Amino acid sequence: MSESFQEIADTLFSDRFRVSSALQGERLLATLHDERSFCTLIFKKSSRTFTSLMLEVARQQGYLLMDAPHPDFGRWQPVKGEPLLVFGRANNIATGFESTFSEYIHTPGEEGIRLAYPGQVYQLQRRQFFRVPPAPDDPDRVELRRNGAETVQGRLQNISGGGLSVLVQPPADYPFQAGERIPQVKFTLRGGQTFGVAAELRSVGPVQLLHHEHVCALGLQFVGITPMLSEQVLRYAQWRDREMLSATRRGFL
């Protein structure tokens with residue numbers, strides 16, 4: 001698999017982009033079919049890549065029918081059960097699934113490849129990455145509880161469904177390093193409820209002087225965030241996004 005396709009697989013085929021229901025997954029597969037979206041098929045064992053179209057979505061029968069890729073597929077066929085990845089765009093959003101090859105159909109009246117109906121569909125959700133600053137009256141205190149080091153207090157810069165950015169004073173004991181796992185990041189959303197979630201430190205900004213204090217910006221990615229907390233963070237981010245858009249239109253920002 002090429003590096004670019006591997007990057008897509010590592011991003012799209014992750015727990016946070018799993019479609020939550022079988023019905024929604026079926027609708028996305030139907031959209032790939034109805035929109036005649038070109039799909040990329042990647043056979044993982046052989047690293048072969050083809051382009052195809054969705055011809056039929058047959059959930060009850062347990063298969064998908066794809067247009068037979070040309071011109072090489074007829075000369076090379078994977079073995080039954082070989083795993084593959086399929087990427088396309090449903091509603092203009094990257095969508096994909098994992099499946100296995102079942103059979104190559106080549107008759108005078110029909111040509112195509114049958115794949116096993118996928119157990120899980122994935123779709124990239126850009127809304128997870130809205131980054132919004134807290135409102136002036138919203139809570140902004142963040143507490144970082146570290147392994148083998150002192151707890152660090154900071155102020156929230158922005159937050160999204162995937163993580164947050166926080167301003168902190170450089171710790172006096174052990175410096176921050178990218179890749180450090182923070183066992184608990186505590187923060188409070190509008191309404192007063194406080195949450196704690198593990199995070200990975202993805203970036204450490206340079207130390208700068210701000211309001212007579214030396215601070216640096218940390219970029220943190222949530223690890224193992226629960227669906228309930230994820231939804232609450234996303235809801236808050238959407239609220240703030242709408243608030244800022246409304247304020248901009250009124251000339252307040």
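Buried here means under 20% relative accessible area, exposed means over 50%, and partly exposed is in between, with a 1.4 Å probe and protein chains only. Helices (H or I, at least four residues) and strands (E, at least two) are DSSP runs, numbered from the N terminus.

This is a predicted model, in which local features need pLDDT of at least 70 and side-chain atom pairs count only at pLDDT 80 or more, while totals for chains, interfaces and linings use all residues. Residues are numbered from 1 along each chain as its sequence is written, and side-chain values use heavy atoms, leaving out hydrogens and water.

**Helix 2 and what follows**

Let's start with helix 2. On one side of helix 2, Arg27 and Asp34 are exposed. Gly25, Leu28, Leu29, Thr31 and Leu32 are buried. Contact, here and below, means heavy atoms within 4.5 Å.

How far apart are the end C-alpha atoms of helix 2? They are 18 Å apart, which agrees with the 18 Å that its 13 residues should span at 1.5 Å a residue. The expected span is 1.5 Å times one less than the number of residues.

Arg36 comes after helix 2, in the loop between helix 2 (22-34) and strand 1 (39-43). Arg36 has a positive phi of about 55° although it is not a glycine. With a relative accessible area of 46%, Arg36 counts as partly exposed.

Two strands pair if DSSP finds at least two bridges between them.

| Partner of strand 6 | Bridges | Source |
|---|---|---|
| Strand 5 (residues 83-90) | eight bridges | |
| Strand 7 (residues 110-116) | six bridges | |
| Strand 8 (residues 121-123) | three bridges | |

Strand 5 and strand 6 make a hairpin with two residues between them, and Asn91 in that turn has a positive phi of about 55°. Strand 6 and strand 7 also form a hairpin with two residues between them. As for individual pairs, Val86 has Phe97 as its bridge partner, Thr95 stands opposite Gln123, and Ile105 is opposite Gly112.

**The cores**

A nonpolar core is a set of buried Ala, Val, Leu, Ile, Met, Phe, Trp, Tyr and Cys residues joined through side-chain atoms within 4.5 Å. The largest one has 27 residues, and Leu144, Ile159, Leu164 and Phe187 touch the most other members. Helix 3 gives this core its largest share, five residues. Apart from it lies another core, of 24 residues, among them Leu32, Cys39, Phe50 and Leu64.

Setting aside neighbours within four places in sequence, the contacts of Phe187 include Ile159, Leu164, Gln193 and Leu229.

Gln193 lies in the loop between strand 12 (181-188) and strand 13 (194-204). Is Gln193 buried or partly exposed? Its relative accessible area is 42%, so Gln193 is partly exposed. Not counting residues up to four places away in sequence, Gln193 touches Phe187, Thr188 and Gln232. Gln193 and Pro139 are 54 residues apart in sequence, with their C-alpha atoms 9.9 Å apart.

Ser230 belongs to helix 3 (residues 227-250) and is buried, at a relative accessible area of 12%.
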